[in-house]
Amino acid sequence: MAKGWNDSRPMSPHISAWKWHATMLSSILHRASGIVLYVALLKICIFLMAIAAGPKWFAQFQDLIYSPLGAVSFFIFTGILIFHLLNGIRHLVWDAGFGYNPKMSNIISIVIIIASAIAAIALTYCLIGSLA
């Protein structure tokens, strides 16, 4: 119990009471990536509307898409999308009742984070390489 805690009910654990591990980081990143993907999807919809509106509207977006900022945005979006997908698959495996060993869960979390970064780098390189 914490100092000055007068309530007889148990105190709720706080983030500072837990030792950080890869599975905790992966869980937090999964939730954050879902929020970022939602916002990114709205931006993609706006981009698709610009394409559908014709070449005049697409030309306004084209410079932004093929700029360094566009490449960085693509890298971030791709990395987040791949991470969310792989982590979602991990959650499906957990739902099936497998992978609850803490050591293996931490290893898989680290592998997912690294694989997402590598895949995002590779896909961004393919995009940049096709423009050069």
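At 16% relative accessibility, Trp 94 counts as buried (under 20% relative accessible area; exposed is over 50% and partly exposed in between, with a 1.4 Å probe and protein chains only). Rings of Phe, Tyr and Trp (its six-membered ring) pair if their centres lie within 6.5 Å, with planes under 30 degrees apart called stacked, over 60 edge-to-face and the rest tilted.

The model is a predicted one, where local features need pLDDT of at least 70 and side-chain atom pairs pLDDT 80 or more, while totals for chains, interfaces and linings use all residues. Residues are numbered from 1 along each chain as its sequence is written, and side-chain values use heavy atoms, leaving out hydrogens and water.

The structure holds three aromatic pairs. Phe 47 and Phe 61 have ring centres 6.5 Å apart and planes at 80°, so this pair is edge-to-face. Phe 47 lies in helix α1 (residues 22-53) and Phe 61 in helix α2 (residues 55-65), so the pair ties together parts 14 residues apart in sequence; helices here are DSSP runs (H or I, at least four residues), numbered from the N terminus. Phe 47, at 24% relative accessibility, counts as partly exposed, and Phe 61, at 25%, counts as partly exposed too. Ring pairs also bring in Phe 58, linking Phe 47, Phe 58 and Phe 61 into a cluster.

Notes. Helix = DSSP H or I, 4+ residues; strand = E, 2+ residues; numbered from the N terminus.
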